[in-house]
Amino acid sequence: MTGQPEVTDTTAQSVASFTFAFDDASTGDKAVLGGKGAGLVSMTRSGIRVPPGYILSTACCHEYFLAGAMPSNLLKEIEARLTALEAQTGKQFGAGPTPLLLSVRSGAPVSMPGMMDTVLNLGLNKAAAIALATLTGNTRFMADVLFRFHSMYSEIVLDVLDIPDSAELDVVLEPLGDNPDPAAVYDAVWDFCQSRLADMGEEEVPQEPREQLVRAIEAVFRSWNTRRAITYRELHRIPHEMGTAVVVQSMVFGNLDQQSGSGVVFSRDPVTGEPGLFGEFLSASQGEDVVAGTRTPDPIARLEKVLPATFEDLTSTVARLERTSQDVLDIEFTIERGVLYFLQVRSAKRTAPAAIRIATDFLDEGTVSDHAALQMLSVEQVRQVQRPGFDPAEVREARDGGQRVAEGIGASPGQVTGFLSLDPDRAVAAAKTGQHVILARQVTSPTDLHGMIAADGIMTATGGATSHAAVVARALGKSCVVGCSDVVIDSTLKTLRVGDVVIREGDAISLDGATGEVFTGTLTLTRPAAADKQLERLLKLASERSGAQVLVRATTVEQVSAAKADGLAGVVAAAAEVLATSRRFSDVMASLSAPEDQASSFSLLEDVLAEQFTPLFAAAGDLEFSIRAVDFLTDKISDVLDTRTIAVEYPYLAMPLGSTECIRAQLRGISRAAQAAGSTTRVSLCPRNVSDAAEARALARIKGELEGAEDIGVGVYLTSARGALAACDLADEVNVVWLELRLLQAAMFGLPADYLLTREPLDRYSSRGLLSVNPRDSVDPSVTPLLAAVARSISERPASRIGIRVSGEISERLIGELYAQGFRRFAVDSGEASPARLALGKAVGAAT
């Protein structure tokens with residue numbers, strides 16, 4: 001597998017067109033500048049205080065991978081940009097009296113928090129270090145910056161795993177006394193760090209600042225292809241060919257003194273969506289200290305007490321940025337001696353509950369249009385809020401009974417139970433066996449990503465709500481608790497200790513990502529008691545905009561009742577699946593083991609269908625109820641019902657209308673159920689695999705000749721290309737037509753239909769570039785003409801009930817394509833109705 005960006009021969013172009021200063025960029029396109037670069041350009045244009053710098057566009061990344069090294073013309077452009085930056089700042093790179101230090105950061109077009117690399121404090125040689133100490137009057141500060149640079153450069157550029165702990169700096173400086181000479185301090189720190197590398201047999205950090213810069217840029221380009229970055233892109237379906245931009249920016253120092261600091265703020269709470277500034281701040285620190293989670297920062301409100309004028313500046317600027325962008329923002333900032341600088345702005349990753357509240361609040365505030373509000377919510381976030389939570393009574397008992405062993409910061413909501421794992425590799429291994437896993441770490445880093453993806457929940461002993469663990473967990477939709485300060489993790493003993501309580505790896509624990517509570521043992525998960533009113537408001541808005549009907553698959557009274565409560569158009573059910581819920585289904589199958597095409601052979605089938613569907617129809621009320629007839633050949637539960645064995649022995653049963661009496665028995669059974677329920681449900685029976693108008697006419701005739709079935713409609717399920725092309729003729733003969741998209745797409749690819757129901761193996765296979773279309777996410781061009789044939793029937797027969805059955809998880813792209821084709825009736829699996837309603841509402845703007 002490769003995550004290498006697609007490269008093109010750009011030697012005829014000037015690389016100058018691929019690098020941009022913040023204040024003269026000719027474009028604001030994220031695809032060119034990356035998300036970070038585009039945000040910096042936008043803030044600079046708006047007059048917001050941003051440390052100056054320049055951007056190597058994504059095209060430079062392509063150039064780098066094409067050449068296999070830094071092209072000479074790109075090196076010349078980097079040097080030219082550096083010279084211009086020196087002139088703009090009045091500072092000198094690698095020299096005094098005012099040294100220019102740089103940060104080199106990644107900036108992909110799509111936000112990939114924590115996945116790629118950053119190098120800070122770059123440009124320090126001996127002359128620059130002495131000048132920095134002289135300029136600031138703080139030799140200890142210079143030593144800290146130098147130590148940080150050497151450690152970060154070793155880790156990021158040289159791939160050194162064992163870097164010195166920050167506490168070791170005090171040991172290095174102690175022999176030099178209280179007022180050491182800056183040159184002696186530089187020599188002591190540099191020699192200590194270089195000696196560590198030499199002792200480990202590692203390459204040393206270069207002293208020449210320009211070499212430092214070029215190699216740092218190369219490292220950021222290479223980080224596009226790290227294991228964690230590729231894994232993140234595959235999970236979020238981000239194209240590998242994008243490449244990353246690189247942002248080179250002059251440093252400002254939050255670790256200069258107590259009037260300095262760094263922080264991360266959100267324009268609204270990304271966990272709950274509550275309005276108001278939310279975030280954290282660390283005085284006398286650099287940004288890495290905040291996002292890495294190695295220190296637990298203070299709430300942003302503390303800044304108001306420490307630096308009130310700076311806090312007021314931050315609050316007003318963040319509000320201005322939110323109004324301009326019409327989105328909730330994630331902002332990194334640094335304060336240097338009381339002066340506020342903005343280092344990054346991007347759309348904030350947010351939890352599903354927060355996304356729902358933010359969208360509705362923006363609507364109420366008049367900030368966004370209906371269309372824009374729906375775009376702020378994803379189908380995956382809708383799925384997340386539908387997941388079960390802990391039984392409230394059991395939680396109270398757990399608290400009273402001492403099961404709550406730790407409390408931290410609820411960084412990403414959701415309530416989960418699983419087995420404790422203290423290592424990401426072991427978490428992955430356990431998850432592969434089907435276990436639910438809680439990954440606990442002292443602090444997470446990008447190297448833990450594979451374990452975080454595998455885990456159901458994540459907890460850390462240190463870090464805050466803007467730490468790596470918190471940000472990535474929100475992006476993954478995982479429950480997360482951070483900053484459990486009482487927790488001590490012993491990786492050697494494989495234990496997690498809180499006071500006298502010892503939890504061993506493999507023991508069960510439970511997390512509440514909203515409250516920050518950690519419990520020993522398992523807690524029962526239950527479905528939410530009621531739908532969220534704000535979500536229902538958005539879904540109602542989406543349905544009004546799309547004008548589409550959504551029916552949901554249901555086999556139980558609870559599922560049917562939920563469909564009615566949610567205001568759906570109806571339900572679809574498979575007769576075989578409803579039979580499987582009966583205690584008598586084995587008797588039904590036994591009665592069919594020697595069938596003859598006469599009524600007595602199917603009498604038990606009729607009786608059990610009447611028995612099973614009566615409570616379903618009663619719960620349905622006036623909903624439409626479309627039933628797929630028993631399919632002896634391809635029903636998903638054929639192994640349970642042994643229908644394939646019956647079809648092999650009596651092959652006529654495998655044909656859609658092979659047994660007239662079987663169709664009659666099913667019609668009689670559901671007719672009896674409808675009469676017994678006394679409901680006004682519009683019921684239809686729909687045999688599968690129909691492909692000819694003659695079959696549809698025969699079906700209508702069978703129903704018409706059946707006494708007592710006047711109120712029962714008939715329909716067909718189209719599963720073949722032939723059936724789809726005949727849709728117009730079929731629609732003239734029956735009441736309902738369903739096109740089964742999954743079966744059509746699978747047939748075109750020559751794949752088992754069940755492969756389209758789950759993410760693996762298709763998603764991973766497609767991510768390798770082996771398929772131009774992933775049939776789970778999009779309509780294949782080979783299927784488009786078949787859909788067009790069905791869409792013509794819809795436009796020519798607006799009163800007909802012609803729809804499309806989409807099995808498995810729906811995707812916004814797929815639903816959008818179907819809506820654009822003209823489909824307005826959709827049948828989806830249980831749990832996918834709300835995601836489908838949202839996707840349809842979002843599709844309106846794209847289709848018009």
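How do the residues of the lining of the largest cavity divide into nonpolar, polar and charged?

Reply: Bear in mind that this is a predicted model, with local features needing pLDDT of at least 70 and side-chain atom pairs pLDDT 80 or more, while totals for chains, interfaces and linings use all residues. Numbering starts from 1 along each chain as its sequence is written, and side-chain values use heavy atoms, without hydrogens or water.

To your question: the lining of the largest cavity has nine charged residues, five nonpolar and one polar (Ala, Val, Leu, Ile, Met, Phe, Trp, Tyr, Cys and Pro count as nonpolar, Asp, Glu, Lys and Arg as charged, the others as polar). That makes 15 lining residues, and Arg553, Ala574, Glu577, Arg628 and Arg805 are the ones nearest the cavity centre. Strand E27, residues 570-574, gives the largest share of this lining, with three residues. As for volume, the largest cavity comes to about 150 Å³. A cavity here is a set of points on a 1 Å grid where a 1.4 Å probe fits but cannot get out, with lining residues having an atom within 4 Å of a point.

The second largest cavity holds about 120 Å³ of space. It is lined by 16 residues, and closest to its centre are Val630, Leu653, Met655, Pro656 and Ile663. Its lining splits into 10 nonpolar, four polar and two charged residues. Altogether there are five cavities of 30 Å³ or more.

Now for some helix packing. Helices H24 (residues 603-620) and H27 (residues 660-677) cross at roughly 35°, and their axes come within 7 Å. Helices need at least four residues and strands at least two, as DSSP runs; axes are lines fitted to C-alpha atoms, with angles from 0 to 180 degrees. The H24 and H27 crossing is right-handed, that is, the near helix is turned clockwise from the far one by less than a right angle. On the H24 side the contact includes Leu605, Leu609, Phe613 and Phe617, and on the H27 side Cys662, Ala665, Gly669 and Ile670 are among the partners. Contact means heavy atoms within 4.5 Å. By class, H24 with H27 gives 13 nonpolar, three polar and four charged residues.

H13 (residues 352-365) and H20 (residues 533-546) meet at about 65° with axes 9 Å apart, so they are roughly perpendicular (65 to 115 degrees; under 35 is roughly parallel, over 145 roughly antiparallel, the rest oblique). Their crossing is left-handed. Ile356, Ala359 and Leu363 are among the H13 residues in the contact, facing H20 residues that include Leu535, Leu538 and Leu541. The tally for H13 with H20 is six nonpolar, two polar and four charged.

H3 passes H8 in a right-handed crossing. Leu75, Ile78, Glu79, Leu82 and Glu86 of H3 contact Arg210, Leu213, Val214 and Ile217 of H8: six nonpolar residues, three charged and no polar.

Two backbone spots are worth checking as well. The peptide bond from glycine 96 to proline 97 is cis, with omega near 5°, and proline 97 sits in the loop between strands E3 (92-93) and E4 (99-100). Glutamine 326 has a positive phi, near 55°, in the loop between helix H12 (308-325) and strand E11 (329-336).

Notes
On a 1 Å grid over the protein atoms alone, a cavity is a set of points where a 1.4 Å probe fits but cannot get out, and a pocket is an open set with protein on both sides within 12 Å along at least five of seven lines; lining residues have an atom within 4 Å of a point. Grid points are joined across faces, edges and corners, and a volume is the space filled by probe spheres set on the points.
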